[in-house]
Amino acid sequence: MFSDMLVKLWENGIIQRGIWETIYMTAISTFIAYVIGLPLGVILNVTDKEGIYPVYWINRILGLIVNFFRSIPFIILMVAMLPVAKFIVGVSLGNKAMIVMLVIAAAPYVARMVESSLKEVDAGVIEAAQSMGTGNMQIVWKVLLPEARPSLIIGAVISMVTILGYSAMAATIGGTGLGQIAVSYGHQRFNPDVTWTCVFLTVIIVQVIQELGTWIAHKTDRRIGTGRA
Amino acid sequence: MPETILEISHLRKLYDDLRVFEDLSLTVHEGEVIVIVGPSGCGKSTLLRCINALEDIQGGEIRLRGEPVSKENRNLQSIRQKIGMVFQNYELFPHMTVLDNIMLAPVKAQGRKKEEVREEALDLLKRVGLESKADSYPRQLSGGQKQRTAIVRALCMHPEILLFDEVTAALDPEMVREVLEVILDLANQGKTMLVVTHEMQFARAIADRVIFLDEGRICEEGTPDGFFDEPKTERARKFLNTFTFERKGAKN
């Protein structure tokens, strides 16, 4: 029923390792992308002309940089950024280099996701905070981010799934994980069941991320519920 | 004459091409309750928002106890803390409990002790009959309860002046009264207030001075009895007439 290749890959633990590598690369890249993208998103929102501290040139320059990276298809960005990866982590091959690529591609994406989540926060409650003399930093920490939390979590799930997709593409230039297994053992050696196994496993990982994220977002949302008095 | 708290002089406010105020001046004295009435679009809400620097102004000055209220003033934050504002749509923070809503600004912006603020907040909540709601979230409250919470939130900052912007306009009729009674109680305590409202009975009961705003100008001002019984201008008379109805068949 299964090809010898699939059985061998499973018995040697290569598929299992692929699952782990995919999860690991996605998680690390998402985390670092948020470390960079979250502050950028906050700055984009705050300095916008509708924001709490409009600064035209910061918003404009940052917006241009973000748009620049976002408009390059990932597969091209990957190749173009090889020297950058080499500069940062010393190698242009393997998972370390892949994480650099994934972060470069994902951080601007995350920044826009964060920006749009923050934009959803009701302008009225921000004005209420301002009218009470609350400082801008406090508004960001105490009002903007907590108010946007459910939306930020949903955004993180979307980003994570996108990064997972990118990580599979990274197989083409030396990344590992389910993507690489699908390409080199499945596609190139004509074992469709290997490819489909990798697809199936990826779908399961995406489902888990999605369900978990939605559950957490719902849990943290104080605006919904049936407890209306 | 009691001390001047708020002084608006020659206020000019434009929205792009739309002129809201050309040259508006108003002085508010300590302990005074001023009710602002007027047709919709006359600038009532904009006036309150200007007083709190939520709107940019294009000319003139607003001073709170002599200090300019403007975005250029580095002390704007501390001045805003002295101006309490209650909004038509409550604007409570949905992700915070009632108590946290009230405590945020006193603790974070004013730097007061958490325990002290908490005690005061609970005491104020008790006075407006909401002590049991301290740990509820805004979505669990009725409109009237939300608005009373918003009033407590403003009060807890110890403001020198309170601004009420059509605070009952979004409420069901039976909830209007519970909110107005809280405001009436504050007036009796001698708080300085600027109240924008469409509740004419209430305006009459609470006001020391009524201001009739029309097309961005103070069209008429006077005592509540004077204004409501014998409006001096044709414009005000017309406006007040919109609140009374002739009996069915009275014309025949």
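Analyst: In this predicted model, strands β7 and β8 of chain B pair in the parallel sense, joined by four bridges.

Now look at β7(B) itself, which covers residues 161-165 of chain B. Are its residues buried or exposed? Five of the five are buried, so the strand is largely enclosed by the rest of the structure. Follow the directions of its residues, too: B:Ile161, B:Leu163 and B:Asp165 point one way, while B:Leu162 and B:Phe164 point the other way.

Six strands of chain B make an open sheet, in the order β6-β7-β8-β3-β9-β10, with mixed pairing. At its edges stand β6 (83-86) and β10 (217-222) of chain B; each has a single partner strand, so one side of each is left without a neighbour in the sheet. On average, and with direction ignored, neighbouring strands of this sheet are turned by 20° against each other.

Moving along from β8(B), you come to β3(B). Strand β3 (residues 33-37) and strand β8 (residues 193-196) of chain B run parallel and are joined by four bridges.

Leaving aside neighbours within four places in sequence, B:Val35 is in contact with B:Val195, B:Thr197, B:Ala203, B:Ile206, B:Ala207 and B:Val210. As general background, nonpolar side chains tend to be buried together in soluble globular proteins.

The contact between the chains takes 23 residues from chain B and 22 residues from chain A. On the side of chain B that touches chain A, the elements giving two or more residues are α2 (76-80) and α3 (98-109) of chain B. The largest share of that side, four residues, comes from α3(B). By class, the residues on this side of chain B are 11 nonpolar, eight polar and four charged.

What does chain A look like? Chain A has 10 helices and zero strands. Its C-alpha trace spans about 70 × 50 × 25 Å along its principal axes, and 41% of its 229 residues are buried. Among the contacts in chain A with a separation of 6 or more, 70% are between residues 24 or more positions apart.

One helix pair gives you a view of the packing there. Helix α8 (residues 136-169) and helix α10 (residues 192-220) of chain A pack at an angle of about 170°, with their axes 8 Å apart. That makes α8(A) roughly antiparallel to α10(A). Residues making the contact include A:Ile153, A:Val157 and A:Leu164 of α8(A) and A:Ile205, A:Ile209 and A:Ile216 of α10(A). The contact has 14 nonpolar, four polar and one charged residues.

To finish, return to chain B and look at two loops. B:Glu215 is in the loop between β9 (209-214) and β10 of chain B. Phi of B:Glu215 is near 50°, a positive value in a residue other than glycine. B:Glu215 is partly exposed, with 15 other C-beta atoms within 10 Å. B:Arg65, in the loop between β4 and β5 (67-68) of chain B, likewise has a positive phi, near 45°. With 14 other C-beta atoms within 10 Å, B:Arg65 is partly exposed.

Technical notes
Residues numbered from 1 in each chain as written. Chains lettered and ligands numbered in written order. Predicted model: local features only at pLDDT ≥ 70, side-chain atom pairs only at ≥ 80, totals over all residues. Contact = placed C-beta atoms within 7 Å. Nonpolar A, V, L, I, M, F, W, Y, C, P; charged D, E, K, R; others polar. Axes fitted to C-alpha atoms, helices over the stretch in contact; angles between N-to-C directions. Parallel < 35°, antiparallel > 145°, perpendicular 65-115°, else oblique. Pairing = 2+ DSSP bridges. Buried ≥ 20, exposed ≤ 12 C-beta atoms within 10 Å, placed from the backbone.
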